[in-house]
Amino acid sequence: MFKKSRRKIVAAIMSILVLLWVGTLGVIYTSSYLEMKNQNNRMLKVHAEMYTLQQSINQFPSARPRPDGNPNFNSEFDPDSPKFKLSTFYSVAVSYEGEILETKNNSPTVHTDDDLGKLAQRIIKGEKTSGKENNLTFYKVDKGGYTLVAFMDNTVVNESAMTLFRYTLIFGAVALVAFFFLAVFLARKIVNPLEDSYKKQKQFISDAGHELKTPVSVVGANAELLSRELGDNQWLQNIQYENERMGILVGQLLDLARTENVTPRTERIDFSRLVAGESLPFESVAFEKGLALNTNITSNVGVIGNSTQLKQIVSILLDNAIRHGKGASEVWLTLTKEHGFAKLSVINKGDEIPAEQREQIFERFYRVDTARNGDGKHYGLGLAIAKAIATSHKGNIKVNCYDGFVEFIVQIPAL
């Protein structure tokens, strides 16, 4: 139980950290990408505005139009700015007839003139005026008499971004591993006090059961002797009745303590035969209550377990179903093998257990008033014992309510 709680705490902490990490990275990289894309497009448009077909930019810098007169001009995109000078641009001028008039390629070893020309012609045939092709950002504009396709090379920027992203992932993964061990440490710190308290509670129940066993036996023996001497006596009968109730409670406390604290001796068990044998005595019990016990037991369902405890869990569920079953109805017991588990199901017609109480009924001393009228000899420990037995056999127990029926299901790994 506490291991599961620790795992849930660790999972919750790590989920929050991963979500924060992924969310932060997503926001940072998305905003950076959009900003870089916007910046590249604006620089590319400035480059396209400055382009002239007759002279090369390096030979006749005065011939190119400058955007300085534009009131929205940003010095960040000044052709003389470092950012602009460090960027690599390519230009391809294409006539309306599709003839390449000029290709400006300062680094032909990266992209050949022929590749740029073919790419420009394909872009002109398309509908997009701007976009990306591999590591090139392009911008298409009509220059009056010809079409210009300007390119900006983003190879270095993209490689830098990928390197940064790769190292972010590596260091982020290392940080998450460190946070995982921190989460495990914190989970232990949180759960340990609860676990210690639970262990002390179990120890108290065990000690109290053992301490009460002797006086209950002594009172019972003396009451029996007095009854022989005095005969029928109302006050003595009250003592015997309450002592019997106390003996049952002490026995259940000791059963619960043994189930939770002692690892049972296990063996290969024919669970089908065990369930069939344990259900036989309850046929007469059910008959006395005006009920019929119907069994449907699949043969050769084997498990690894403790026969005493498995008999006990069958008895607890049948006793619970018969006690709370409504008159003139039936109780159904089925045993099947499903998905590698032995599935024991006990169904009775009865009052529905509220959904919010279906987990609580397996806690010690918990009783659903509307469903458990009791006969004075049940203390809400039976289902707690059943849950402890199922858990010790690496299984589980649950309750379902539907159409006026209550079903308890126990699943234990099968052979």
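At what angle do helix α4 and helix α5 pack, and how far apart are their axes? Before the answer, the conditions. This is a predicted model, in which local features need pLDDT of at least 70 and side-chain atom pairs count only at pLDDT 80 or more, while totals for chains, interfaces and linings use all residues. Residues are numbered from 1 along each chain as its sequence is written, and side-chain values use heavy atoms, with hydrogens and water left out. Helices (H or I, at least four residues) and strands (E, at least two) are DSSP runs, numbered from the N terminus.

Now the answer. α4, residues 155–230, packs against α5, residues 234–261, at about 150°, and the axes are 8 Å apart. Axes here are lines fitted to C-alpha atoms, for helices over the stretch in contact, and angles run from 0 to 180 degrees between N-to-C directions. α4 is therefore roughly antiparallel to α5; the classes are under 35 degrees for roughly parallel, over 145 for roughly antiparallel, 65 to 115 for roughly perpendicular, and oblique for the rest. The crossing of α4 and α5 is left-handed, meaning that the near helix is turned anticlockwise from the far one by less than a right angle; clockwise would be right-handed. Their contact has 14 nonpolar, 9 polar and 4 charged residues. Nonpolar covers Ala, Val, Leu, Ile, Met, Phe, Trp, Tyr, Cys and Pro; charged covers Asp, Glu, Lys and Arg; the others, Gly among them, are polar.

Next, the antiparallel sheet. It is open, with 5 strands in the order β2-β1-β5-β4-β3; strands pair if DSSP finds at least two bridges between them. β2 (100–105) and β3 (130–133) are the edge strands, each pairing on one side only. From one strand to the next the twist averages 20°. β1 and β2 are joined by 5 bridges, and Val94 has Ile100 in β2 as its bridge partner. These two strands form a hairpin with 4 residues between them, and Gly98 in the turn has a positive phi of about 95°. β4 (136–142) and β5 (146–153) pair over 7 bridges, also antiparallel. Asp142 stands opposite Thr147 in β5. Helix α3 (113–125) lies across β1, β2, β3, β4 and β5, at about 120° to β5.

The other sheet I want to show has mixed pairing: 5 strands, open, in the order β7-β9-β10-β12-β11. β7 (292–297) and β11 (396–402) each have a single partner strand, so one side of each is left without a neighbour in the sheet. β9 (330–338) and β10 (341–349) pair in the antiparallel sense over 8 bridges, with Leu335 opposite Leu344 in β10. Helix α8 lies across β7, β9, β10, β11 and β12, at about 20° to β10.

α8 (307–324) also meets α6 (271–279): their axes come within 10 Å and cross at roughly 50°. The two are therefore oblique to each other, and the crossing is right-handed.

Last, the aromatics. The whole structure has 6 aromatic pairs, counting rings of Phe, Tyr and Trp (its six-membered ring) with centres within 6.5 Å; planes under 30 degrees apart are stacked, over 60 edge-to-face, the rest tilted. Tyr29 and Phe165 have ring centres 5.3 Å apart and planes at 90°, so the pair is edge-to-face. Tyr29 is in helix α1 and Phe165 in helix α4, so the pair ties together parts 136 residues apart in sequence.

Terms used
Contact means heavy atoms within 4.5 Å.
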